[in-house]
Amino acid sequence: MSVHKAISEHVGKQNKIITRFAALDQQREYYIEQALDLCKRGLPFSADKINEVTAEINELSKQGIIPVRKYVTIEMIREYASRAK
């Protein structure tokens, strides 16, 4: 295999990982905003969807080119919502 082809394949794989990360990170932010909105309105909310996406991101991060994200707790959401009022 030529060096050029190997480099192209490597860059292609990295691009795919980064693209997937960007989509997951956007989805995570959407779920965080939803939870914050519900919390601020005094409605029931959970961090389940946020943490499902976080788990996917953290699994992807094991490949070494994207950052790990923290899991979110109900208390974290409540605390942030109280500060954002």
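How many residues does helix 2 have, and what distance does helix 2 reach from its first C-alpha to its last?

## Helix 2

In this predicted model, helix 2 has 14 residues and reaches 20 Å from its first C-alpha to its last. That distance is close to the 20 Å expected at 1.5 Å a residue. The helix covers residues 48-61.

The buried residues of helix 2 are Ile50, Asn51, Val53, Thr54, Ile57, Asn58, Leu60 and Ser61. Helix 1 and helix 3 are among the parts that cover them. An α-helix has 3.6 residues a turn, so residues three or four places apart point the same way.

## Val53 and its surroundings

Val53 lies in helix 2. Because its relative accessibility is 4%, under the 20% limit, Val53 counts as buried. When its neighbours within four places in sequence are left aside, Val53 is in contact with Leu24, Gln27, Arg28 and Tyr31. Leu24, Arg28 and Tyr31 are themselves among the buried residues of helix 1.

The C-alpha atoms of Val53 and Arg69 are separated by 9.6 Å, and the two residues are 16 residues apart along the chain.

## Helix 1

Helix 1 comprises residues 3-40. Its 38 residues should span 56 Å at 1.5 Å a residue, and the end C-alpha atoms are 55 Å apart, which agrees.

The buried residues of helix 1 are Ile17, Phe21, Leu24, Asp25, Arg28, Tyr31, Ile32, Ala35, Leu36 and Cys39. What covers these residues includes helix 2 and helix 3.

## Salt bridges

Side chains of opposite charge can pair when their charged atoms come close. The model has 5 salt bridges in total. One of them joins the side chains of Glu56 and Arg20, at 2.9 Å from N to O. This pair links distant parts of the chain, with Glu56 in helix 2 and Arg20 in helix 1, 36 residues apart. Glu56 has a relative accessibility of 38% and therefore counts as partly exposed. Arg20, at 41%, also counts as partly exposed.

A further salt bridge is formed by Arg69 and Asp25, whose closest N and O atoms are 3.0 Å apart. This pair, too, links distant parts of the chain: Arg69 is in the loop between helix 2 and helix 3, while Asp25 is in helix 1, 44 residues away. Arg69 counts as partly exposed at 24% relative accessibility, whereas Asp25 counts as buried at 16%. Arg41 and Asp37 also meet in a salt bridge, at 3.1 Å from N to O. Arg41 is exposed, with a relative accessibility of 52%, and Asp37 is partly exposed, with a relative accessible area of 37%.

## The largest pocket

Rolling a probe the size of a water molecule over the atoms shows where empty space is left. The largest pocket has a volume of about 220 Å³. Which residues line the largest pocket? They are Arg28, Glu29, Ile32, Glu33, Leu36, Val72, Met76, Ile77, Glu79, Tyr80 and Arg83.

Helix 1 and helix 3 each supply at least two residues of this lining. By residue type, the lining divides into 6 nonpolar, no polar and 5 charged. Arg28, one of the lining residues, is also one of the contacts of Val53. Arg28, Ile32 and Leu36 belong to the lining and are among the buried residues of helix 1.

Technical notes. Residues numbered from 1 in each chain as written. Predicted model: local features only at pLDDT ≥ 70, side-chain atom pairs only at ≥ 80, totals over all residues. Heavy atoms only, no water. Salt bridge = Lys/Arg side-chain N within 4 Å of Asp/Glu carboxyl O. Helix = DSSP H or I, 4+ residues; strand = E, 2+ residues; numbered from the N terminus. Buried < 20%, exposed > 50% of the residue type's maximum accessible area, 1.4 Å probe, protein only. Expected span 1.5 Å × (residues − 1). Contact = heavy atoms within 4.5 Å. 1 Å grid on protein atoms, 1.4 Å probe; cavity = no way out; pocket = protein on both sides within 12 Å on 5 of 7 lines; lining within 4 Å. Points joined across faces, edges and corners; volume = space filled by probe spheres on them. Nonpolar A, V, L, I, M, F, W, Y, C, P; charged D, E, K, R; others polar.
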